[in-house]
Structure formats: structure tokens, C-alpha cells
Amino acid sequence: MITNTFVDFEASRKLFVKRVVISGIFVLILLSLIMARYYDLQVTRHQDFVTQSDNNRVHVRPVSPTRGLIYDRNGKLLADNRSTYNLTIVRERSEDLDKLLADLGSLIDISENDISEFKKRLNRRKPFANTALKFDLTEQDRSILAVNSFRLEGAEVSAHLTRHYPKEAMFAHAVGYVGRINEQEMSIIDPVRYSGTDSIGRIGIEKEYENHLIGQVGSEHVETNARGRVMRLMSKKDPQPGQNLTLHLDSNLQQVAYNALENYRSALIAIDVKSGGILAMVSTPSYNPNAFVSGIGKKHYAALINSADRPLFNRALRGQYPPGSTIKPMLGLIALNEEIVTAEHTISDSGYFYLDGVSRPWRDHNAKKGGHGADVNLARAIVESCDVYFYTMSTEMDIDLLSSNSKLFGFGGKTNIDIPGEQIGIMPDRHWKKNELGEAWFDGDTVNASIGQGFMLATPLQLAVMTARIASNGKIVTPRLVKAINGEGIEPNHENSDLTDIDTLHWDYIHKAMQDVIHSPKGTANKISTGLNYRMAGKTGTAQVVSIDADDEYDKTKMQERQWDHSLFIAFAPADDPEIAVALIVENGGHGSVIAAPIVRLVIDEFMKTSTNESLVLR
Amino acid sequence: MHESDFVRRIQSLGDRSDEKNVLELDYFLIAILLSLCSVGILIIYSATGQDTFFVKRQLLFIAFGFTLMCIMANLSPRVWDRWALFLYAIGIVSLGMVLAFGVEANGAKRWLNLGFTRLQPSELMKVAVPLMISSYISKSSVPPTFKTILVSIMLILLPVLLVINQPDLGTALLIFISGLIVLFLSGIGRSYIISGFILALAAIPSLWLFVMRDYQKQRVLTMFNPEQDKLGAGWNIIQSTTAIGSGGWYGKGWMNGTQSQLNFLPESHTDFIIAVLAEEFGLVGVMVLNCLYLILVGRCISISMNSESMFGRLLAASIGLTLFVFVLVNLAMVSGVLPVVGAPLPFISYGGTAIVTLFGGFGILMCISNESKTNRSSN
């Protein structure tokens, strides 16, 4: 059967061997090349790939610190952290996101707003990060989700600590609130510091003391698989909780004030005369700060923002009102000190005051027809609130002198209270009018200013500060909300000033007059002296309304009510060694003695009840 | 003497006790093959996250393949010479059936569902084509004439085109190469080789334009710059090179490879299994594996050299070399030197058809080995 010759066979065999050898060499060369590649990967660049494989699997996760708690001076909680449960989704772990969302929507209530907010968050999250879909799940939602978890791959319920304000609306304007970090804030915050939290202080104490409250973020190194599921914890650095704040605020005082004022548009500030600590800060109407913590709904927010009563507006700090007669004691002090009047100086009040060259007279608002009559001295002018006395005095007092002295009492400038947003009001002088209105100062402007009307505007906080400075014979103390940080007390900030140069006799004279406002039968606030078992000093005020809200014009029926006078009252007690100073303004409340004075008395009564056995509670 | 001996052997199929008491087996070859399979089992166990499902199935395939090899080893090479065309025809028909009723997975039809298991006919062709070409050329003149070469190329191109249509360019190229190896070994003239090489170069642009699908082009482009598409096409290559590179000299230890255990590595028990081995056993492990393959190829070539018939010689050498080309292509692909194509690592990767086909190939190899031994002893 062998068709080939032996020679052919040998030749073809040789050729075959040659080809096999060539192939063998070729194969060995290729193998060497590939092994060179493996050597390069496994030996030369080994370290790079070790790093890369570790980066693949080892992830650093932030561990949220607990936000510092906020207490009142008695150790009552004003802001704490509650466990809440959020529904979160890891995009990479879900095979079909739309189906997952639809499935979740069929189990629990998920609004379109939830979904659109979720998609926004989804766009700015890191790969494999939890993205929140719905906050604050109810017990029922959680159990429904737990039962169905097997078919909700990618979705999970995660526990979080969420800010909670147990006193709700009562402290909203002082404590403020936290909110979810928005895009704008995202670009300015330290991303590492905020990696464990999605909240940030927005307003009030929460904003001003953000750096103390937030704490230090912790971290944990975890090993994850390719789908992002955590396989084990490798190491952990515990977070440092935020510092706890103790405020000067007294819940009892706040409660009394808030309950009395809840249905008014009003602001009350009570100051500890000696330390400058704010004992109560109420602005009504208020709002529930808890609504802002997890993101407030659009409707809810619109209702708050569009309300004619402006609940979000912090009147205590930002409301600017004509101070009215409440500045009369201060003006008296300035006049005595500058020797413009003496204690013995008297005028006769016919009920009207005429200025040379002005045909229209100034009326005395606090007198029946015929005026306060003859022999009105400074004390009587304060006790009975005689406008004509101050009108007359103003002709002798240069506005620039009046203005610069008033600024020492806190008007026209910041009080430097430790929450953001305070307004400075207006303490007018020649320079101011020229600058702002481009007009020269008239003597008539000074007449208006002498009863706290005209251009002059002040915040309730400024009125309270003024009252405290009068009460302490001119000591200037910066108003403060925070009393202690992590139990460590903050020293009151005293400033040196010219006020302390004022003669003690002048202080005593004004203090006596202010006591008589309440304790003398002729005093404008004599009604509140009934049953008073301590000495209180005060001054009523009634401010003609210059509307502070342009929106009011649209509502005719409300317009009527809102043209009523504002009711003001300032007071301090006990009169011989003052501890507390209070200022209150009730918008459109009428005469100061009618609404404001009785409420201030309630607050001071509450203070006097506890002040004798007060103990410092520091947390 | 050849003739009568062959005839007798064919006639005495299954009744060999008159000659020897034991099966005629190449125990050296068996030792190497079983070593490779054991390595495969170890790595599959680790790569599947200690899941015994794949290990059990692979053991089943190995047992079946091994039995098949033992039976085939005891047939005469003559049988294979005669059955070559028949096997080739079965292969072609089943490839046609794949195109008609194949099971689709990942956008390609590669499998035939046989009810109890899935068959991948293209894997079958990796052995059937060298067998067919060896048989055809050895029957005509050696070195082959132009006509023989032309027919051979047609025989190679027919299954290649069918596989390209699945589409599975990688396997098609491997089948093509397995056929060309036989042609090269048969001693075709240098001028044919050079002109063939030029023709191949010229064909590349039209291959790119008309044959290759977008995803295939993407894979080629990805190879050159995997970072460009980190989470898409580049993911496989980045993860496999990371696995290999982080293994270092000695590896992270069996079942300790983070890339494979944490599922960063794709296809870790099939095409990318070498990355698991490289990660867990290091460069040393890769070198040991390559030594096993080299010994295997060496053994194939030694069998080939000892074979008396042209058919046996061609087939033995081409099976060995083809196997090594598969190994090289796989190692190159996983380490990012070649584009990602469907090329399993012989005897190591999980996969039934490949294992059974490989054992079948070595069964034929063993019977060539037996033939030369018998011839020598009877001489």
C-alpha cells in the first residue's frame, strides 16, 4: 500500500520534522512573550495592582457623629436626636430601578415629590452609596417593607438619628432648626466633615453654633464585593459627638410668655440683667421646626411663607418698630446727664405743643382734653407719659447728641446676640437723614423722635437691651443665648462705656419714676400692680403704626386692624436689685398698658417665683 | 505487514484480550492530563465561591471525557482516518443546526440543547478540523499539491464561516488556526505560506469592515485602551489584569483572591480562570501550569515523531500545537494582550463540550501512540 518511495518518505519526514521544530520554536517565542507580560504585571507592577485591588474592595465609610443636644437652663431638652427610619436605595444593586420604584409605590405611599427629589439626590451621589427615597417611615411602612424585602433587591430601610425639637413651635425662633444640606451649601461645606450627615444648621442657635454641634465624623474601613455589599468590617474610628449646649433660656418663662402671646403677632425678650443671658425669646406666630428637618413639603412651605401673619419672621430680632414712649426714661436720663433739664424743671401741658414756624401742633397722646396740666416735671412726664414735656425738652436737645447717647443704650446698632439675623433698626441723626433721604434735619423731626416716633425704629431685642442697661445703671452686657458649652460656662461679655459715668442720683430718679409707672395710682401701668408682692419698674409705650408689611394693602378688612397702634411695655424687677429685664411688643395691640403690660407681669411673676431658689444646672 | 495488522486490529475491536490484558493507554499522558484537570477543579472550586455545583458537573464531564478517551485510544488510528470525514460532517451539520435552532445567550447562538445538556459544536470543530485535514492531506501527496491545499482551505473555511455567523469570531479564528497548523506541518511550499500571509494581511480591513460586529470591534479597541470605558467593555480587562498583577510571585493563597472571591473578576470559572490562578498562586503558579502544558505538547510531538504514518504524525503534532495555541490565546486575552474572545483555557476552564472534545482528541493521540508502540514491538 505504500505509494511513496522510501526516499520520498524520508524527505517528507525530514520536512515534517523541520516544520515541527519551526512551530515549536515559534510557540516557545510566543510563550516567552506572554510570560514577559505576566512578569511585568505580577512582579514589576505588582505594587500598583495590589493598591488597585485594595481600592476595589476596601471602602471607607463615614460614621455619623451624634449632633450635640440643646438644653434650657434647667436641663430641659430643646433639641435632641430621635431614631428614624428611611427607605434608601443603592442604584447599583437594583437591576431595574423603575420597576423597583413601582413595586415600592404599590406597597407604601410614595409621592411624586419623593421620587423627583430622589432622582435629584441620585444624580449627585457616589457609586454604591445609599440614596434616600422616603424619610421617617412609619412603623407600618417598616413592617410592610420587611415582609416584602426579598423582592426589593437594592432597597433597604436604614436607621438614622434625626433632629427633633420636643417643644416644637415654642422655641423655634431662638433654637432654629437644621435642614437637609442643599446644593448651594454642598459647595461651601467641608465634604469630609459632613460626609456622615446630611443635615446642617439653617437658622438660630443651630446655625450659629453649627461648628460646636456637629462633632467629628468617624470612619470605618469595610470590605465590599463587586456589587457593593459589605462583607466585613476591617477597622473603625469612632465619631466624636457634637458638643451639648446649655442655653440661658428658661422653659417655664418661655412657656408663660408663649402661651400668653400665641394668638398675637408679637415679640418678647427677657434678659438676665447681670449676665446678659436671654431668659425668654418669643416671636409669635411661630412654626413647628420639626417640619424642616427632613425637608418641608412645598405646600406646607408655601402656606408658611404666604401667611399674612408671617410665622417664619423672627420679630424679636428682625421686627423693627417705632419704640414709642418706651424710650422716655432713657431720654430723661440723657437730658439729666447732659443738664438739659433738672429734676425740678416743670412745664405746663395744655394737651398741645407748638413749634415755631409750624402751624400744625403736636398732640399729647396720653392726655384727655386739656392735657396733663401744670407742674409736670420729668418724673411725672414718665409716670403719666406726658408727650408735651418731651416735645418741649426736644427743642433744647440736639438730635446728634440724642442719637449718639441713644446708641450707647443699644439703638441703631447690633446687639451682637449669638444668633444670626438681627436687624439694627434706625437711630436717626442729621447725617443719616442726609444720606438716606437726601433732606436736611428739621426741628420737627427731633420732636417726633422725642416720643420714639418719626424715623426711629428699634427691634424688641434692642428695647430689651436698653431696659437691661437702665436696670443695671448703665452696665453694658452683650446679650447671649448660650450659657455653657459641654457644661463649661461662657463668661458674660462686659463692655466699658460712658453710661457708667451717669450720676447715681439720675439713675435712682429714673428708676423711681419707672417704679411709679406701675406702683403709683397715676402710673400708666398701675392696673398691673394689683397683688404685686415685689417692686417692678417699667414703661408703657404705644406706637403709631407705620405698616411694616407692604403686602397688607391687599387685604382691606385686615388693613383696619393692622392700622391699630402697637402695644409696648418694658420692665425690670426686682426694682431695688434688678435681675430681669423684659421688653414686649404686641403688633396692633392698642395702648401699651392694655395688652403688653399684663403679659410682661405674668412673665416676671414666673421669674420671681423661681429666682429665689434658682440653681445652675449645667449639662 | 501494516495492512494486515491494521485489518486485524479493526476486526478485533473490543476483543483485545488475546493480545494484552490491560487497555492500551499512555499513562504518562494520563498523568499530565489528570494533573491539569485537578488544577482546574481546585481553581473552579475557589472561583465559584466554594460552590460544589460547578465542581461536581466538571468532575462528571471529566469522567465522561476520560472514559471516552480510553475507548477511543483502543481503536485503531485507521478508524479515525476513515471516520474523519464522518465526524467532520457531523460537526458541520450540527453547526448548521446551531444557526437554525441554537440556544441564544449574550446575543450569540452557540449551543444546541440536547435536553440533558447543552452542546457547543464549535468546540467539537477544534478537533474535528485538524482530524479532517490530517486525514485528507495524508491520503493525497505529501507535500500537498496546489489542489490539495485549495481543498483543505475550503474544508477549513466552511466551519469557520458557520462559526463566524453565530457570531463567535474567536472560536472561528482558533478553528482556522488549527487547520492551518496541519497545512503548515504537512510541508506546503514556502511560496504558499508567504502568499497566504500577504492575503491574510490584505483581508484584515475587509474583515473589520464587513465581518466584525460592533461589539467585536469594541473589544479590539478596548484592548488598546481599557481605561476609556472603565465600567463597560474595559471592566473585564481592568479587573483581570488587577487580579493577575496583585497576585505577585506567590499569590494571595487558595480561596484568598479578593478579586475573584468578591466577584470583581468576570467569567472567573470559565474564560478568565487563569486570572484566579494568577491571583491566588502567583507567577509561580502560572509557570507551573505552563510547564504542565509544555510537557503535554512535548509528549504530543514525541508521539508524532514516533508515528509511522503521515496521518498519525500530522494529527498528533497538530493536536499538541493547536492545544498550545489555545493556551497562548487564552493567557494573552486575559492579560490584556489580545482582544477578549471566547477562548477557554484547555482542561482548566469550566465547560463540558470543551473538556469532552479535548479528551476525545487525546484519545486519538493515544491510539496513534499505541499504534507506533505496537508496530515497534511487532517489528
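This is a predicted model: local features need pLDDT of at least 70, side-chain atom pairs count only at pLDDT 80 or more; totals for chains, interfaces and linings use all residues.
1. Asn473(A) is found in the loop between α20 (460-471) and β17 (476-477) of chain A, where helices (H or I, at least four residues) and strands (E, at least two) are DSSP runs numbered from the N terminus. Although Asn473(A) is not a glycine, its phi is positive, at about 55 degrees. Asn473(A) counts as partly exposed because 17 other C-beta atoms lie within 10 Å; on this scale a residue is buried if 20 or more other C-beta atoms lie within 10 Å of its own, exposed if 12 or fewer, and partly exposed in between, with C-beta atoms placed from the backbone.

2. Residues are numbered from 1 along each chain as its sequence is written, and chains are lettered from A and ligands numbered from 1 in the order in which they are written.

3. The pLDDT, which is the predictor's confidence in each residue from 0 to 100, averages 87 for chain A, and 93% of the residues score at least 70. Residues 546-557 of chain A stay under 50, and the model has eleven contacts for them beyond four places in sequence, a contact being a pair of residues whose C-beta atoms, placed from the backbone, lie within 7 Å. The pLDDT is also below 50 over residues 613-619 of chain A, a stretch with twelve contacts in the model beyond near neighbours in sequence.

4. Chain A comes to 23 helices and 23 strands, and 42% of its 619 residues count as buried. Among the contacts in chain A with a separation of 6 or more, 73% are accounted for by residues 24 or more positions apart.

5. Asn416(A) is placed in the loop between α17 (399-408) and α18 (430-437) of chain A, and it counts as partly exposed because it has 14 C-beta neighbours inside 10 Å.

6. Two cis peptide bonds in chain A deserve a look. The bond from Thr284(A) to Pro285(A) is cis, with omega near -5 degrees, and Pro285(A) has its place in the loop between β12 (278-284) and α11 (290-293) of chain A. The bond from Ala573(A) to Pro574(A) is likewise cis, with omega near -15 degrees, and Pro574(A) lies in the loop between β22 (566-573) and β23 (580-586) of chain A.

7. Val383(A), in helix α15 (residues 378-383) of chain A, is buried, because 27 other C-beta atoms lie within 10 Å. Leaving aside neighbours within four places in sequence, the contacts of Val383(A) include Ala513(A), Val517(A) and Gly523(A). Val383(A) and Pro521(A) are 138 residues apart in sequence, yet their C-alpha atoms are 9.6 Å apart in space.

8. Between the chains, 36 residues of chain B are in contact with 31 residues of chain A. The elements that give two or more residues to this side of chain B include α1 (2-11), α7 (169-185) and α12 (273-306) of chain B. By class, this side of chain B has 19 nonpolar, 15 polar and two charged residues, with Ala, Val, Leu, Ile, Met, Phe, Trp, Tyr, Cys and Pro counted as nonpolar, Asp, Glu, Lys and Arg as charged, and the others, Gly among them, as polar.

Note on methods
Two residues are in contact if their C-beta atoms, placed from the backbone, lie within 7 Å.
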